[in-house]
Amino acid sequence: MIVSKLFNQFFHSQTSGGILLIFCTALSLLLANSPFSESYDSIWQIDMFGHSFAHWINDGLMAVFFFLIGLELKREVFVGELSDTKKAILPVFAALGGMLVPAFIFYLTNKGTDTIHGFGIPMATDIAFAVAIITMLGKRVPLSLKVFLTALAVIDDLGAIVVIAIFYPNPELPFDISQFGISIGILAGLFALNKLKVKSMIPYIIGGIAVWWFMLHSGIHATIAGVLVAFTIPFDKDDSKSLSAKMENALHIPVAFIILPLFALANTAITIDGAGLAHFSIPLASGIFLGLVIGKPVGITLFTWLAVKLGLCELPTAVNFKRVFGVGILGGIGFTMSIFVSMLAFKDPSYINEAKLMILVASLTAAIVGFVTLKILLSTKQDYTD
């Protein structure tokens with residue numbers, strides 16, 4: 001199997017980034033439950049130009065993260081797993097199942113409660129964590145399985161972005177049609193630059209910042225601007241020379257080693273009280289845990305099976321339904337996107353902390369169970385690294 005240099009760079013940066021995320025999360029939890037908790041929390045509340053440090057991370061730096069996701073998705077569509085319609089159907093179906101089934105489980109457990117708005121929380125998959133876990137299995141993992149997981153996670157992220165755009169507008173601002181119209185107008189201008197084959201990075205950066213600014217003040221969550229701007233960046237099928245590839249390559253390191261670690265440090269400072277396992281009895285916690293740990297692998301495997309049985313696609317070489325199920329378990333590692341959605345879904349700090357805690361518990365469970373399951377399923381002497 002031929003895999004682009006860009007995919008390998010992406011995969012390995014996500015691996016290292018995932019390990020760093022684990023460290024930052026553990027450090028954040030440790031500090032939040034130590035005598036230094038108040039000092040640690042005050043760091044993220046430092047005022048910077050009228051907004052807290054945490055606000056700039058969540059609404060500013062995370063827009064760059066979403067921009068990178070958009071570039072990755074665009075690459076997949078042009079030269080990756082999604083460039084061939086029949087190949088694209090498999091991860092699309094898998095991602096669809098991995099979103100719908102967890103959301104349905106959350107709905108069933110939270111129906112009639114004031115936490116029902118959090119249905120989008122268990123729909124997400126964290127690429128960095130999932131890739132980091134599967135890489136720990138070493139050369140026994142078929143490359144086709146790694147590509148399947150990556151394509152699945154990228155599409156899953158796109159689905160989460162669509163859900164955010166539709167169901168989770170900026171809670172602090174009402175919808176402003178004029179600001180939204182300006183941002184769309186600037187986007188149209190960036191697409192025009194693309195069509196005119198303008199390949200200088202500067203106008204796209206300036207225009208992208210403008211789109212982000214007006215989108216931020218329109219009531220639509222500003223991070224959506226990152227994905228939309230990504231699709232205006234010129235792309236060439238010789239992906240190593242295109243502006244899109246250059247920007248993606250330049251952003252891998254800062255996103256993996258600065259932006260996402262900062263996000264983890266700022267948003268996982270959860271004080272764990274003495275309630276212990278009582279958290280699992282709350283509908284919100286149950287919906288998140290069951291959605292990620294049970295809903296993800298069931299949904300991914302079921303929809304993959306349906307797509308294959310309907311003759312819409314075929315399983316890649318060295319991939320069977322058992323291995324799809326193993327990857328589906330890793331899909332239950334929600335973390336970054338799930339935490340992000342939880343902060344948009346609720347205003348009550350107690351609900352947000354409850355959601356974050358269960359996301360961490362569910363993600364850790366999915367990581368351990370997924371690792372053990374795949375290790376058993378892949379316990380063969382055959383090396384699928386081709």
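Here is a short tour, starting with how to read the values.

This is a predicted model, in which local features need pLDDT of at least 70 and side-chain atom pairs count only at pLDDT 80 or more, while totals for chains, interfaces and linings use all residues. Residues are numbered from 1 along each chain as its sequence is written, and side-chain values use heavy atoms, with hydrogens and water left out.

**Aromatic pairs**
- Rings of Phe, Tyr and Trp (its six-membered ring) pair if their centres lie within 6.5 Å; planes under 30 degrees apart are stacked, over 60 edge-to-face, and the rest tilted.
- The count comes to 11 aromatic pairs.
- Phe-66 and Phe-340 form a tilted pair, because their planes stand at 50 degrees, with the ring centres 5.3 Å apart.
- This pair links distant parts of the chain, 274 residues apart: Phe-66 sits in helix H3 (residues 53-78) and Phe-340 in helix H13 (residues 335-345); helices are DSSP runs of H or I with at least four residues, numbered from the N terminus.
- Phe-119 and Phe-167 make an edge-to-face pair, with 5.2 Å centre to centre and 85 degrees between the planes.
- Ring pairs also join Phe-65, Phe-66, Phe-263 and Phe-340 into a cluster.

**Buried or exposed**
- Buried means under 20% relative accessible area, exposed over 50%, and partly exposed in between (1.4 Å probe, protein chains only).
- Phe-66 is buried at 0%, and Phe-340 is buried at 2%.
- Phe-167 is partly exposed at 40%.

**Cysteines**
- Cys-24 is buried at 6% relative accessibility, and Cys-313 is buried at 4%.
- The count is 0 disulfides, a disulfide being a pair of cysteine sulfur atoms within 2.5 Å.

Definitions and conventions. Helix = DSSP H or I, 4+ residues; strand = E, 2+ residues; numbered from the N terminus.
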